[in-house]
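Let's take a walk through this one together. Have a look at the sequence and the 3D view first, and then we'll go piece by piece.

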Amino acid sequence: MLPASKKAESSEQCPLTIDSVAKHFGGITAVDGVSLSAGAGEVVGVIGPNGSGKSTLFSLAAGGQKPDSGSIRLSGVDVTGWPTWKIARAGISRTFQIPSLFINMTVRDNMLAAAVEGDWQGAQDRMTRTVEMLEISHVVDNLASELSGGQQKLVEFGRVCMRNPKVILLDEVTAGVHPNIRKIILGAIQQLRETGITFLVIEHDMEMVKEICDRLIVMDQGRIVAEGDFQTIANDINVQQAYLGRA
Ligand SMILES: Nc1ncnc2c1ncn2[C@@H]1O[C@H](COP(=O)(O)OP(=O)(O)OP(=O)(O)O)[C@@H](O)[C@H]1O
Ligand SMILES: [Mg+2]
């Protein structure tokens, strides 16, 4: 857990501040006025039932979608509506629920291509460190299409690290992976947060959430319905209703 002083950062100092963002797709309200902030080195879990707006929130923060209203700030700089490449260069980078690799390129080239969108300087060294951290050094010359599903998740995570981000958004990065790979991912999050990188982590795996997250945000129908530490959330009536059915 972080010292209280780190959590007490003002929103100007906060690496990530999301203020009242909303996104509609036709008649669907995917995100409905969500506000949150996350401090340096903090790991914030974003949980909620399928379709509650978690991935859309990530798209708004990382530039894949423009919010209809509200704002996204990165260390006080308003990045609302910036294109993905520009937000990645500024320091917010995300993984996708389904890995978005160049499947006909090697792991090495996938990693280096990601650095082009972010911080190219020192990319070669960063790649070596990243593949070692994620224990995929032995497959760097393999095509991405030759990797297992779990290894592809590691490369997806590695590509984010290659952009040298200040804020990493992980969308179900441990879904469907073997416990050994899950352990590698947890170790990497731990290692990176100690360098001050902020994480928002979408997860359905409650054990993982309990282990890694400082606090949780629960979404339902596009809104935040609860916030707090794991124990508080587990006992929250709104959370039980969101997961187990409404009254
Ligand atoms: N590009 C889009 N066009 C139309 N509707 C969309 C689009 N993206 C998301 N939605 C809708 O917005 C709502 C929220 O979807 P989102 O993918 O953000 O949910 P989620 O919480 O990530 O769900 P899951 O846990 O299943 O991944 C859903 O009703 C979804 O169908
Ligand atoms: Mg999703």
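Predicted model: local features only at pLDDT ≥ 70, side-chain atom pairs only at ≥ 80, totals over all residues.

Residues are numbered from 1 along each chain as its sequence is written, and chains are lettered from A and ligands numbered from 1 in the order in which they are written.

Start at helix 2, residues 54-62. Helices here are DSSP runs of H or I with at least four residues, strands are E runs of at least two, and both are numbered from the N terminus. Nine of the nine residues of helix 2 are buried, so the helix is largely enclosed by the rest of the structure. (Buried means 20 or more other C-beta atoms within 10 Å of a residue's own, with C-beta atoms placed from the backbone.) Among them are Lys54, Leu57 and Phe58.

Now, what surrounds ligand 1? The shell includes Phe25, Ile28, Asn50, Lys54, Ser55, Thr56 and Gln97, where a residue counts as near if its C-beta atom, placed from the backbone, lies within 6 Å. Helix 2 turns up again here, giving the largest share of that shell with three residues. Strand 2 (28-38) and helix 2 each supply at least two. By class, the shell has three nonpolar, eight polar and one charged residues. (Ala, Val, Leu, Ile, Met, Phe, Trp, Tyr, Cys and Pro count as nonpolar, Asp, Glu, Lys and Arg as charged, and the others, Gly among them, as polar.)

Next, find helix 6 (residues 149-162) and helix 7 (residues 179-193), whose axes sit 10 Å apart at an angle of about 10 degrees. Axes are lines fitted to C-alpha atoms, for helices over the stretch in contact, and angles run from 0 to 180 degrees between N-to-C directions. Helix 6 and helix 7 are therefore roughly parallel to each other (an angle under 35 degrees). Gly150, Lys153, Leu154 and Phe157 in helix 6 meet Ile181, Ile184, Ile185 and Ala188 in helix 7, a contact being C-beta atoms, placed from the backbone, within 7 Å. Those residues divide into six nonpolar, one polar and one charged.

Helix 6 has another partner too: the axes of helix 5 (residues 123-133) and helix 6 come within 10 Å and cross at roughly 145 degrees. On the helix 5 side, Ala123, Arg126, Met127, Thr130 and Val131 meet Gly158, Cys161 and Met162 in helix 6.

Methods. Buried ≥ 20, exposed ≤ 12 C-beta atoms within 10 Å, placed from the backbone. Parallel < 35°, antiparallel > 145°, perpendicular 65-115°, else oblique. Contact = placed C-beta atoms within 7 Å.
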